[in-house]
Amino acid sequence: MSHILLVTSSPRGAESLSTRFATEIAEGLKARSGGTLTVRDLAADPLPHITSAYVNGRITAPDARTPEQVEAVRIAQELVDELKAADVVVLGSGMINFGPSSQLKAWFDHIIWPAVTFGYGDTGPKGLLTGKKVYLVAAAGGVFSEGAWAPFDFQSNYLLHLLGFIGLTDVELVRVEGTVFGPDAAKAAIANTEMAVQTLLAKAA
Ligand SMILES: Cc1cc2nc3c(=O)[nH]c(=O)nc-3n(C[C@H](O)[C@H](O)[C@H](O)COP(=O)(O)O)c2cc1C
């Protein structure tokens, strides 16, 4: 039995394809494993941007923190605890101006924390969150998996780098892309992703 954390982040509400497919994966995995599911919807419940209260609060001893620092660190600690408790993480991300949404960026800004989620080993930085499986659903209007726009995929490449930086290297990337080229292209793109999701769920069973 595994515990699943579903993190969604698209600002497009019910229209969001990353939320749709990430939710389908998380619920499918839950049904197959009989596990438990926590949902963190970063669009419905946005995090604050990190501030000096967070940056300074996390390097200040707990009993010396100002009330603002206590609150800022509490939020980050809650997110880290939620992530640490998960065996499987399903991340939904929709491309906004070639990168992830600022909601998802704010989540990473809170959870990437020296000595908590990454450390510095003899050979450089070392991720401290290990042994988790991650499914990353990356939605984009254009096509970024290949072709002329591939060098501008600052969404998937960036998110894969951030995940790896904190030790989350076992990542299955599910793309839903090429949805801006008319209704037929969108339909085909969605059908492709649906097939990929069914295949990965069958494999995970
Ligand atoms: C504000 C905004 C900015 C966007 N920027 C890009 C972009 O830079 N490149 C792109 O290919 N698609 C872009 N899109 C299209 C989205 O990536 C696409 O609709 C995708 O499906 C969004 O993910 P979602 O379905 O999970 O919301 C943008 C959409 C919005 C609303």
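This is a predicted model: local features need pLDDT of at least 70, side-chain atom pairs count only at pLDDT 80 or more; totals for chains, interfaces and linings use all residues.
Local features here need pLDDT of at least 70 and side-chain atom pairs count only at pLDDT 80 or more, while totals for chains, interfaces and linings use all residues. Residues are numbered from 1 along each chain as its sequence is written, and side-chain values use heavy atoms, with hydrogens and water left out.

Let's start with α1. Helices (H or I, at least four residues) and strands (E, at least two) are DSSP runs, numbered from the N terminus. Helix α1 covers residues 17–33, and its 17 residues reach 24 Å from first C-alpha to last, close to the 24 Å expected (1.5 Å times one less than the number of residues). Just after α1 comes Gly34, with a positive phi of about 65 degrees.

Which residues of α1 are buried? They are Leu17, Ser18, Phe21, Ala22, Ile25, Ala26, Gly28 and Leu29, where buried means under 20% relative accessible area, exposed over 50% and partly exposed in between (1.4 Å probe, protein chains only). Down the axis of α1, these buried residues fall within an arc of 165 degrees, so they line one face of the helix; the arc is taken over directions from the helix axis to the C-beta atoms. Their packing partners include β1 (3–8), β3 (88–94) and α6 (183–204).

Now for the two single residues.

Leaving aside neighbours within four places in sequence, Thr193 is in contact (heavy atoms within 4.5 Å) with Phe21, Val174, Arg175 and Val176. As for Tyr120, it sits 76 residues from Ala44 in sequence and 35 Å from it in space, C-alpha to C-alpha.
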